[in-house]
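Have a look at the model first.

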Amino acid sequence: MLLCEQQTPRGLNQLPRKKTEMELAVNITLLLMLCATVFAVVKLQSLFAIVMLFGIYSLLSAMIFVALDAVDVAFTEAAVGAGISTVLMLATLVTTGRWKKKPERSGLLPLFVVTITGAALVWGTLDMPEYGNPANPAHHHVADRYIAESPTEIGIPNMVTSVLASYRGFDTLGEVIVVFTALVGVLSLLQVRRPRTFARKQDNRPDTHRRRPYPVLQVVALIMMPFIIVFALYVQFHGDFGPGGGFQAGVIFAVAFILYTLTYGLDDSLALTPLPALKILAAGGVIIYGGTGVVSMLLGGNFLDYNVLAANPVSGQHIGIIVIELGVGITVASVLITVFYAFVTRAERNRAGEKQVDLPNKAD
Amino acid sequence: MDSIFTDILAGALGRYNYWVVIVLMMAGFYVVIASTNLVKKIVGLNIFQTSVFIMYISIGKISGGTAPIVWANAELYSNPLPHVLILTAIVVGVATTALGLSLIMRIKHAYGSVEEDEILALSQAEDEDE
Amino acid sequence: MTPESLLITALVLPLVGGALTLCLSKFQNARDGATIFTALVLLFVIIQLIGTTLSGGTVEWQLFEMLPGLSIEFRIEPLGMMFAGIAALLWPINSLYSVGYMRGNNEDNQTRFYLFFAIAIFGVMGVAFAGNLLTLFIFYEVLTLSTFPLVTHKGNDTALAGGRIYLSILLTTSIGLLLPAIIWTWTVAGTTDFSAGGILYGKISGVPLTILTLLFIFGIGKAAVMPVHRWLPAAMVAPTPVSALLHAVAVVKAGVFSVVKIVVYIIGIDTLSAAPWSSLLWILPGLTIVVASVVAIKQDNLKKRLAYSTIGQLSYVVLGALLIAPLSIKGAALHIVAHAFGKITLFFAAGSIYTSCKKTDVSQLDGIGWRMPFTMTAFTIGAISMIGLPPAAGFISKWYLLMGAFQVEQLVAVMVIITSTLLNTAYFMPVVYAAWFRKESGETILTYGEAPWPVVVALMLTAIITILLFLFPGIPFTLISAIPL
Amino acid sequence: MMSSQLPALQVVLPLLGAPFCFLLWRYPRWSWALATLLSWSAFGVAIMLLIQVQNAGTIEYAFGGWQAPWGIEYVVDQLNVLVLLIVSGIAAVVFPYSWTSVQREIDPEQQSLFFTSMLLCLAGLLGITIAGDAFNLFVLLEISSLSTYTMISMGRDRRALTASFQYLIMGTIGATFIIIGVGILYMLTGTLNMQDLATRIPDLGTSRASQVAFGFLITGIGLKLAMFPLHLWLPNAYAYAPSAASAFIAATATKVAVYVMVRYVFSIFGVGFSFETMHIQWLFVPVSVFAILFTSIVALFQRDIKRMLAYSSVAQIGYMLLGIGLVNVTGLSAALLHLFNHALMKGALFLAMGAVCYRIGNTFIDSMHGLGKQMPWTMAAFVVGGLSIVGVPLTTGFVSKWVLIQGAIENGWWPVVAVILVASLIAMLYIWRVVEAAYMKPRPEGAESITEAPASLLIPLWLLAAANIYFGANAQFSMELAQSAAKTLFNSAVVGF
């Protein structure tokens, strides 16, 4: 009740009317498109279509994020949701097949659960703070300080990066560890191996396992790779000033190698980036990030307190953020590359015609 | 009468974003729990999570604000904190997805199927064999 | 030795004995000797302690505190001292008997038998000396668990089935009823220490008090008040020494002893007599007495008949406690002693018969008195004590019970006691009559005589004590009059 | 200087140890040694934190030097120091054990991955416990969850894969529910810091949005702690995971989730909101009563003893929720005490099953006939743990049941007392099945002769078994911790820490 009274529409009225109306229109259009996509996903039977629609869904939500001023998030969502996730799902479909076999089970219980949950949420929104109102409690208390002080305290213009890397730097360390944990999990489930080795086991046709050369694609890919990598480096180091940072850079960097693998095959890309090196880099990135924290501890500050890294706190913050973003980038890139390799290895084994039999659940 | 109507309209305008997001969220949630295909479950999970991300970003939006990057002409910045949280959450999401998909591939290898009911039947047969 | 170290010794000694038997398992004679020796040492220690208690000394020892205000501690008081005294006196005799019985019947796993027997005695000592309800409960469970391997000693299906009933009833009642009663007591009184006059005075009254009392009575399954008596006949699959010492004395007495102790030291006589319907509580054991006696008449298996007799006799003690009269409570305490010696004699005799000629049924006993004169003389003495005739100990305790019943003017209870005396006669006298006055049936061509000498010596000893207790009831009397009523 | 950094070290040591552990992929033994060393150091840190908290009260640690609520902080108080102690203590016992056990169950190439996962899981669980920030808790929750999925999937049976996948779906739904709840709370208060939330939530009154947030958080955490009927992922996950992982997860993961529940219900939302506005006890009590009875009965019919123990865990979690639902200090103390005690007993039981699995390759009840003679130490430890589950005096289980029943009596809830007692009796039955199989059935003819498990398994196993007896006989330490935490939680409804 208290909240409802706080919602004075004054703040809204002072804003340029036209701009908010534009925002509204864009928003509603995008949201409707999202709804359409989601209902298609619910209904469709073709897994391939579902995965592609999910890619579209991600891209649309990235657009919404832009409309909602979350450019960093949009960047990441586009790279991850529409990019990596979709690629990984498609790689999975190579193994599992493109079609769902059966229609859904009778969805009464799920429908009931979903309806109840949704109804509860809608009921809850009725006294939630109004959308977009600058007076909302969420925008005050903690957020105020980030907006007001971070340019001077941290010394970089991108507030998202400031919060991400410094104020909430420990969250980001956790996030890097999550990525690393996923690598540990994927490696324990799937192996990364050169396809040649099991192709040889299966039969003696020496060349069938190799991709037919696609000269045009290969040349184009080769030309694009340096640009992608340069762009990745730009995103990596420009994160302080504009949208971007270690995570997005890592994803883009990984994309370069994914492109290479798609056109040249796993054999060649494994020669380019050997597995042990990737593993060392993945762990190394985490160690760089965590090491920064340990160094700041040794210098007398708290864990991840960059102020103590240099004589001047602001330059300390600069050093700290650059180093940890580097750690993030290295880990994310090498983890995503390795995960992709693992998926491709599995897909290649399928192509090589390995029988689908019930094997004991061992590391195969 | 008229004022009540405008109140309702104003209330709806202030919340339509949440409502649509709730619909999206629930659709994703429905796919997770109703689908029998493991890949589709993972897709549903992603949609569910992505919708939650949209909810967070909506919370951070300030009408008429701009992206929280300092520039000369800006008068009002949107709230950067939800953005940071969602950056983290997106990464967590992709990590979960990668692990889930690897599991699916191993399940396909071990059971020859990625349909939940078929796997369940095989598992139950195994339970009874023991 | 200080009284305290005596107490500790009394507790630890059975365990030491158990360990000794385990170490000496390869050397049969040394092992059996060790058991008897330990039992004798324990008897010696207990006699010392009785001396201390008679001279009015109090002994306390706290082992550790489990929760704040809730500790494992021991405190000697007259009632417990008496119980410990019975067990300590009978253990050496029973050990002697066991040696004869186990060897005479070529039983397997003898070491295990002696080991768990010793642990059971450890449990008995703990129950006797427990200073609060928690300690009592713990040792009560030790007694239950340690006797399980003894009950299932034969290891065949009948034994396992019997063991299962035994364990399930005793554990169910103790966990399901006794434990909540204890926790309830602790919640309302803030302590579970046994203290004169009870700890519940003014803390709980009315119907909840009656319910609490019922929880205690039925929770202590070892007291075998119907309908939680089924475990006792089931336990008869055990070798006879077990039935004799444990299921005629130690285990069942631990039950009725706990009831008396709880009525006197936890609830308090005055508090209990103020509770609604408290004057009707005695009906439960009263019914048990009558029903158990009637059932006993129908049993042909001698040990089963003894078991039902035990159920009836135990309820005398409970009846004594629940009549809530000072005299009846004294009678109850005294009956613990009297019944112990009488019933163990009877069981010894049954085991002796089984050892020498493998007979288990009453109908097989015609004329057996002339083949096994010592055994059957002892049996007769035991039977007389059970019925409550002079010159046996049972007479005195029944006398007190009757006096108590008169004191509180429960004439129906008086009738119950008298009726059951008649029923007792009805199920014991046929055995005695058949043994001495019937001719052996012609088909038996077996020749057999007395059981091995340790068996005979043991049963004669207990029979003599039964008579001595009638003639010289000094020590138990002194202890009983020290109970603060 | 060291001592002021302890809260960070508690988590950072295992967290940063993990990549090093991973780098030793060619040398699993070194990787294990490192993990073990770090688990011991984590235990050491937890003990030092306990001493600090008892001497100086609540400790706060600001990451990056940013004061809360702007930065992320760690808070160590009476309540979570107990959980830290449990988690790191169990880890300090299970990690040394894992080497021998893993030799039998996991391929050499994957062993260092397994140890890395265990270390990450430990770090995640410790982090969840110590976190003073609602969103940081989510991140650490995901670290522990992902590593748990990994460990489960390494089980030898192919059903380990489906179990892991099922857990992944349920766990992620749970985590997503939690972030929805946290998001709504942020929307209403503008903060993520738990202490800050605790001071701001009362101002919201009984707003619908905060009620919805509460609902989502409870459901999400409920999924994580296997609150009946959201427990379906748990039995398979525990049954098919490698033995060392089962023991570690069973003894710690659900305990940490229960802790999070207590933290949200008591300190963040506060007693008034949770119990007077939301009446959460009317969810907890019936649900836990049903869980206790139903899953105990299901446990009776399991052939695989690991799965039986898993069902028993769901029932035991019911005891903890019941304790919370009693809404009195005694009940909450019982819940917290059981948190501690159940970790000890389930740890011991699962470690015993690991030793059995090491020798006979499975944990089916019919394979265990006659094991009492052939693996006397292992089975004796199992019996100790089992007695504790039943609640026999002088074991930890007895103490928890004692206090829990006391709490129920204080409320005058006699039917609940009856349920607890009946469940103890059912527990007795299912433990008894194993005892009967191991001690009273002969070893089948022709079965290969089995020897006792190696000392490297027995020593950790007996450490836990002995702890069961020690803390059962002398519960002063655990009870004092639980009671003082419970009192603080009830008394300071607003300043919840």
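Two residues are in contact here if their C-beta atoms, placed from the backbone, lie within 7 Å. Keep that cut-off in mind for everything below about chains touching. Bear in mind too that this is a predicted model, and the predictor gives the complex an ipTM of 0.87 and a pTM of 0.89.

**How the chains meet**

Let's start with chains A and D. Their contact draws 59 residues from chain D and 55 residues from chain A. On the chain D side, the elements that each supply at least two residues are α1 (6-23), β1 (59-62), α4 (108-130), α5 (134-153), α6 (159-189) and α8 (208-224). The top contributor on that side is α5(D), with eleven residues. Sorted by class, the side of chain D that touches chain A comes out as 32 nonpolar, 19 polar and eight charged residues.

Now for A and B. Which of the four pairs of chains in contact shares the most contacts? That would be chains A and B. This contact takes in 95 residues from chain A and 72 residues from chain B. On the chain B side, α2 (16-34), α3 (38-60) and α4 (80-111) are the elements that give two or more residues. Of these, α4(B) gives the most, with 24 residues.

| Contact | Residues from chain A | Residues from the partner |
|---|---|---|
| A and B | 95 residues | 72 residues from chain B |
| A and D | 55 residues | 59 residues from chain D |

Some pairs stay apart. Chains A and C don't touch, and their nearest C-alpha atoms are 39 Å apart. Chains B and C don't touch either, with 27 Å between their nearest C-alpha atoms.

**Chain A**

Chain A is built from 15 helices and zero strands. Buried residues make up 52% of its 364 residues. If you take the contacts in chain A with a separation of 6 or more, 72% of them are between residues 24 or more positions apart.

**Chain D**

Chain D has 20 helices and two strands. Its radius of gyration is 21 Å, close to the 23 Å that the globule rule gives for 497 residues, so chain D is as compact as a globular protein of that length. Along the principal axes, its C-alpha atoms fill a box of roughly 75 × 55 × 40 Å. Of the 497 residues, 74% count as buried. Among contacts between residues at least 6 apart in sequence, 80% join residues at least 24 apart.

Helix α15 (residues 371-374) has the lowest confidence, at a mean of 86, while α5(D) has the highest, at 95. Watch residues 493-497, though: the pLDDT there is below 50, and the stretch has 17 contacts in the model beyond near neighbours in sequence.

Is Ala486(D) buried or exposed? A residue counts as buried if 20 or more other C-beta atoms lie within 10 Å of its own. Ala486(D) has 26 of them within 10 Å, so it is buried. Leaving out residues up to four places away in sequence, Ala486(D) touches Val329(D), Leu332(D), Ser333(D) and Leu336(D). Ala486(D) and Met261(D) are 225 residues apart along the chain, and their C-alpha atoms are separated by 14 Å.

**Chain C and the nonpolar core**

In soluble globular proteins, nonpolar side chains tend to be buried together. The largest nonpolar core in this model has 588 residues. The residues with the most contacts inside that core are Ala87(C), Val260(C), Val318(C), Leu82(D), Leu339(D), Ala348(D) and Leu461(D). One of them, Val318(C), touches Ile217(C), Ala223(C), Val225(C), Val256(C), Val259(C) and Pro285(C), not counting residues up to four places away in sequence.

Finish with helix α9 (residues 240-267) of chain C, which has a kink of about 45 degrees centred on Leu246(C). This helix is mostly covered, with 28 of its 28 residues buried. Just after α9(C), Gly268(C) takes a positive phi of about 90 degrees.

Technical notes: Residues numbered from 1 in each chain as written. Chains lettered and ligands numbered in written order. Predicted model: local features only at pLDDT ≥ 70, side-chain atom pairs only at ≥ 80, totals over all residues. Helix = DSSP H or I, 4+ residues; strand = E, 2+ residues; numbered from the N terminus. Buried ≥ 20, exposed ≤ 12 C-beta atoms within 10 Å, placed from the backbone. Nonpolar A, V, L, I, M, F, W, Y, C, P; charged D, E, K, R; others polar. Bend = angle between axes of the 7 residues up to and from the residue. pLDDT = per-residue confidence, 0-100. Core = buried A, V, L, I, M, F, W, Y, C linked by C-beta atoms within 7 Å. Rg over C-alpha atoms; globule rule 2.2 N^0.38 Å.
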